[in-house]
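Subject: Structure for you to look at

Hi there,

Here is the structure I promised to pass on. Please open it next to this email, and my notes will follow below.

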Amino acid sequence: IALVQGSSTASPACFWSSDTVLQANFDYLTKLRPGDTVSLIKGAIGPYTLAGSQCPGAALCAGGNATISVEAPCGEVSCPTPVAVLSGPLTISDCAGAGVILSATDSYGGGIVSLSYTWGVDAETTDNAAAIGTALGLLASTTSSTTIGASLLVTGTSFTFTLVARSFLGGVSAVTSFTVTRTSFASPTLTLVGAASRIARPDASHVVRASAVAANCWLSSGSITYTWTLQSVKVTSTSVAVSGVTLALPAAEVGRSAVTLAANTLVARRSYTLLISAHMTAQPAAIASTTVMLVVPAQELRAIIAGGDRTHSAARALTIDGSASTNPNDDSGLSYLWSARIRSNASDTLAAARELDVAAELLGGDAAAATTSMLVLGSEALDAGEYVFTLTVSDTFSLSSSATIAVTALGVTVPSISFAPLNSAKYNAQWALPTR
C-alpha cells in the first residue's frame, strides 16, 4: 500500500470499470514505476456472479474451495456468449502477388482463457472456395490472425471469409463474415493502424490512423490520396440506424492518413463506422478501402452532494443540495431520490439505528419533495442524533449513481458556516489557498 500511495495523503481510488476489470487510479505522488507489480491480498475479492447469499452455499467465497458445475460453470447466471469480430482490408489490388491479412483479435467474450476460432469461407460467394477453405481448415484453433497467400487469390475477384469464436466455458458466437474484393487496378495496400473496433469515450478526442503503400506492380512513383467518410451510425444496443448524423471529416486530401475527432463529438450509446479509402492520386480508380468502428459507451452518472458531512442544529431548517449532480452523456435528464437512516440517537447508542421513510417521517408526507435535487427539511424535522443521507440519481437508461453524507443534529444551537467558492482555475495539490 505504501508503494502505491507514495507520499500522497489520499488512498488509491479503486472501482470496477466492468464486471471483470478492477481499476485503480493513482495520483502523481505514487511511487509505482513501470515494471512494478501490484497484487491483490488473498481472499480480498470474490467471484462476480456468485456474490452475496449465493456465495457460501456454492462454496465459492474468496479463500474457499470451489466446486464448478460442468452444466452451469457460471453459476445461476448464463455464461457470456462470445462475439466474433473479423477485420482486414476490404479490397486488394490486381497485382499478381497480392495477398490479404485477416485478424480476429478484436473478438471478445472468452473470459479468462483466450478464445478459440474456426475459420472458413462462404462457398457460394467465394471464388476458389475449395482451396481457400482447405487451407483455413488446417489452421490451429488458437490462430487469431492469418495471411491468405496470393496463390490462393490469384483466380477470382470476390472472397467471403467466415469466423466462429468459442470460449472455454462452452459459449459459441454467431458466424461473422468479411468480404474482400479484388479491384481491376494496381490499388495501394491500405492498413488500419490499431483495432478495427475500439472503445471511444465521448468526452475525449480520438485519433484514427491508416497507412497505405503503393502496390508492388505500380510502375511509377506517386502520392496517395485519402478520403474519410462516415459510413453508418447505429444504436449500440439495438443496431438500429441513426439518421441525420454528420462528422467533421476531411475531404479527399493527399497524404491525410489520420483524422482527429474532437472531444464531445461522439454521442454515448452509439457506434460509428468510418470508411477510409486510399487511391493513387494519378489514378483515382486504383482505390483500396477499410473500415473502423468506434463504439461509444455511456459514462457513469455523478451524484454530488455539496458541502459534505456536517454538524447541524436540530432546531434549524436543513438544506442538502444535490443539484451539482451531472449526466456526462447529456442524453437524458436525471431523476433524484433521497433516502436516510438514523445511525444513532441522542444518547449515542445504536438502539435507534434504522432506515427512515424520508417522505413520511421528515417531509410531512410530501413524497415529491424527496425526488428533487435539493432536500429541504424544516426546523425540528430531525431529532438530535446522527443521520446518513443518500442521494441516488438515475437516468432513463437505468444507470444510477449515489452519494452519501453524514449529518450530526445537535440539540443546541450551532453557528452557520459557509465557504466562498474558489475561482475556476487549475490548482496544484501542494498549494495552500486561503478561503473564507
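A charge counts as sitting over a ring if NZ of Lys or CZ of Arg is within 6 Å of the ring centre and within 35 degrees of the ring normal. Arg269 lies over the face of Phe397 in this way, at 3.8 Å from the ring centre.

Before going further, a word on the source: this is a predicted model, in which local features need pLDDT of at least 70 and side-chain atom pairs count only at pLDDT 80 or more, while totals for chains, interfaces and linings use all residues. Residues are numbered from 1 along each chain as its sequence is written, and side-chain values use heavy atoms, with hydrogens and water left out.

The chain has five helices and 23 strands (DSSP runs numbered from the N terminus: helices are H or I with at least four residues, strands are E with at least two). Of its 436 residues, 34% are buried, meaning under 20% relative accessible area with a 1.4 Å probe, protein chains only; exposed is over 50%, and partly exposed is in between.

Back to Arg269: this residue is found in the loop between β14 (258–261) and β15 (270–280). Is Arg269 buried or exposed? Its relative accessible area is 16%, so Arg269 is buried. Its side chain makes a polar contact of 3.1 Å with the side chain of Asp395 (a pair of N or O atoms within 3.5 Å; within protein, one must be able to donate a hydrogen and the other to accept it, and residues adjacent in sequence count only if both atoms are side-chain atoms). Leaving aside neighbours within four places in sequence, the residues in contact with Arg269 (heavy atoms within 4.5 Å) include Lys234, Asn329, Asp331 and Leu399.

Ser401 is another one to click on. It belongs to strand β23 (residues 400–410) and counts as buried because its relative accessibility is 16%. The side chain of Ser401 reaches the backbone oxygen of Leu301 at 3.3 Å.

Finally, do look at the open sheet of four strands, ordered β3-β8-β7-β5 with mixed pairing (two strands pair if DSSP finds at least two bridges between them). Its edge strands, β3 (91–92) and β5 (116–121), each pair on one side only. β5 and β7 (residues 158–166) run antiparallel and are joined by six bridges; Thr118 has Val164 as its bridge partner in β7.

Happy browsing!
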